[in-house]
Amino acid sequence: MLQISLSWRIIAFFAICIAFISTAYTAPVSTPKSKPTPAPTPKPKAPSTALTLAQLQKAMDGKCPKATVGDAITCKDALPYINAAMKKYKLKTKGQRAAYLANMFFEGGYLQFNHNLVVSAQGTRSIMPAMSLRIFVDANLSVQKLWPGFPASVVNDKIVDVLIKNKLDFEPGAWWVLSGPSCAETAAKLSGSQASFTAWETACINGGTETVAARAAIYKTVYAAI
């Protein structure tokens, strides 16, 4: 009986030794390392269409008003209104923005005037006739809210004063570039060429053949500046 018990103990002892040796000499299993997830490539930012003050000053060719007084407004004070108007009315191309600025500079004496000096109903920064301002108002719901009871409450000769009072005087000219009657097709083709501007001005603004050369010269300066 003692011999059997001793034999089982010896067998158990050797079994433990064999298990230990087997464990000690078993090559460790290497866990494959996962590759680090590459950081996502940031999307390129869309180029900003907003003007800087330096660009506006250069486009104004040294003619920025020195103070915001009366109808006149400095380039610094005008800049946020100009950028907001171009964004709101989706002037996406350089040519469209240059046409807006050039026409405004020509008509408004480089930000000196908000009214026609003879016809008081004609104005805003692009010195637009009352009839054109009415077209602008009729096409824009956000603007119509300025007239409770629209359209019966609108007095065409007073539109200019309402828009100026509500600081929307930079908007009609920006809207007209693309959305004015007969403007969209030529506005889509505005580029660095004088011919593209002349085509837009003739079809869209029609300020008179005698003014085309002067307007085109301003457009050239503005386009180069922005």
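I first looked up how the bonded cysteines pair, and counted along the protein chain the disulfides follow the pattern 1-2, 3-4. I took a disulfide to be a pair of cysteine sulfur atoms within 2.5 Å, and by this rule I have two disulfides.

I kept in mind that this is a predicted model, in which local features need pLDDT of at least 70 and side-chain atom pairs count only at pLDDT 80 or more, while totals for chains, interfaces and linings use all residues. Residues are numbered from 1 along each chain as its sequence is written, and side-chain values use heavy atoms, with hydrogens and water left out.

I then turned to cysteine 64 and cysteine 75, whose disulfide has an S to S distance of 1.9 Å. Cysteine 64 sits in the loop between α2 (53-59) and α3 (75-88) and cysteine 75 in helix α3, so this pair ties together parts that are eleven residues apart in sequence. For helices I used DSSP runs of H or I with at least four residues, numbered from the N terminus. The torsion about the S-S bond is about -90°, so I noted this disulfide as left-handed.

For burial I used relative accessible area, with buried under 20%, exposed over 50% and partly exposed in between (1.4 Å probe, protein chains only). Cysteine 64, at 24%, counts as partly exposed, whereas cysteine 75, at 3%, counts as buried.

Next I looked up cysteine 183 and cysteine 204, which form a disulfide with their sulfur atoms 1.9 Å apart. Cysteine 183 lies in the loop between α8 (171-179) and α9 (184-187) and cysteine 204 in helix α10 (residues 194-205), so the pair ties together parts 21 residues apart in sequence. This link is right-handed, with 85° about the S-S bond, and both cysteine 183 and cysteine 204 are buried.

Technical notes:
Helix = DSSP H or I, 4+ residues; strand = E, 2+ residues; numbered from the N terminus.
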